[in-house]
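Here is a short briefing on one protein chain. Keep the structure open and find each residue as you read.

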Amino acid sequence: MNQAQAEAFLFREVRLLDQRKFRDWRQLLTDDAIYWVPNGDADGDPQLHCSIVYATPSMVEDRLDRAESPFYWVGDPPIRSVHTVSNVLLERADGDSADIACNRVIYLYRENDQRRDQVLEVLPAQCEYRLQRHGDQWRIAHKKVALLNSDGLVPLLPPII
């Protein structure tokens with residue numbers, strides 16, 4: 001993987017999230033992947049501290065099943081998002097794996113939300129990825145989204161950010 005391939009991977013990933021193609025995003029995960037959104041200390045041990053999300057692929061499947069349920073009140077109205085990715089840094093790469101860091105700003109909006117005083121949520125984050133090559137495709141083995149305000153009030157989130 002080179003820098004351009006790393007950037008292209010991240011741009012495709014966030015496009016899936018912004019298009020709410022969460023099942024397609026799920027296919028980017030390896031079978032033993034970890035998707036982690038720390039709560040508070042981004043360098044803490046997720047086994048010892050609470051997380052906003054700490055999920056294996058089967059837990060991601062559960063999240064998506066719930067999100068597709070008619071009883072998923074958090075998703076009504078749906079939360080729309082725009083992700084911007086910047087400062088992409090390919091930290092390490094060999095033939096079959098790569099570590100990438102980037103900054104991300106996630107804009108969230110709920111159409112017809114009753115909160116007129118703050119209708120657009122802005123979530124800056126630092127992200128870390130470990131990608132693994134599977135055939136001719138790269139997949140996510142580890143994804144950490146460290147929200148800048150993770151120790152503060154975090155708004156309702158879509159199933160995957």
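Cys50 is exposed, because its relative accessible area is 61%, over the 50% cut-off. This is a predicted model.

**Cysteines**
- How many disulfides does the structure hold? The count is zero.
- A disulfide is a covalent bond between the sulfur atoms of two cysteines.
- Look at Cys102 and find the closest cysteine sulfur, which belongs to Cys127.
- The two sulfurs are 4.5 Å apart, so they are too far from each other for a bond. The cut-off for a disulfide is 2.5 Å.
- Cys102 has 3% relative accessibility, so it counts as buried.
- Cys50, in contrast, is exposed at 61%.

- Strand E6 covers residues 137–147.
- Is E6 mostly covered or mostly open? It is mostly covered, with nine of its eleven residues buried.
- Strand E1, residues 29–38, runs parallel to E6, and four bridges join the two.
- Within this pairing, Tyr35 stands opposite Lys143 of E6.
- Strand E5, residues 120–134, runs antiparallel to E6, and ten bridges join them.
- His134 stands opposite Gln137 in E6.
- E5 and E6 form a hairpin, with two residues between the strands.
- Gly135 sits in that turn and has a positive phi of about 65°.
- In a regular strand the side chains alternate between the two faces of the sheet.

**Leu147, a residue of E6**
- Leu147 is found in strand E6.
- Its relative accessibility is 4%, so Leu147 counts as buried.
- Which residues does Leu147 touch, leaving aside its neighbours within four places in sequence? They are Val37, Ile52, Leu123, Pro124, Ala125, Val154 and Ile161.
- Leu147 and Tyr35 are 112 residues apart along the chain, and their C-alpha atoms are separated by 14 Å.

**Aromatic pairs**
- A search of the whole structure finds two aromatic pairs.
- One of them joins Trp25 and Tyr35 in an edge-to-face arrangement. The centres are 5.4 Å apart, and the planes make an angle of 70°.
- Trp25 lies in helix H2, residues 22–26, and Tyr35 lies in strand E1, so this pair ties together parts that are ten residues apart in sequence.
- Are Trp25 and Tyr35 buried or exposed? Trp25 is buried, and so is Tyr35.
- Trp36 and Tyr54 also form an edge-to-face pair, at 6.3 Å centre to centre and 85° between the planes.
- This pair links distant parts of the chain: Trp36 is in strand E1, and Tyr54 is in strand E2, residues 51–55. The two residues are 18 apart.
- Trp36 has 6% relative accessibility, so it counts as buried.
- Tyr54 is partly exposed, because its relative accessible area is 28%, which falls between the 20% and 50% cut-offs.
- A pair of aromatic rings is described by the distance of the centres and the angle of the planes.

**Arg26 in helix H2**
- Arg26 has its place in helix H2.
- Is Arg26 buried or exposed? Arg26 is buried, because its relative accessible area is 13%, under the 20% cut-off.
- Leaving aside its neighbours within four places in sequence, Arg26 is in contact with Pro57, Val60, Glu61 and Leu64.

Definitions and conventions:
Residues are numbered from 1 along each chain as its sequence is written. This is a predicted model: local features need pLDDT of at least 70, side-chain atom pairs count only at pLDDT 80 or more; totals for chains, interfaces and linings use all residues. Side-chain values use heavy atoms; hydrogens and water are left out. Buried means under 20% relative accessible area, exposed over 50%, partly exposed in between (1.4 Å probe, protein chains only). Two strands pair if DSSP finds at least two bridges between them. Rings of Phe, Tyr and Trp (its six-membered ring) pair if their centres lie within 6.5 Å; planes under 30 degrees apart count as stacked, over 60 as edge-to-face and the rest as tilted. Contact means heavy atoms within 4.5 Å.
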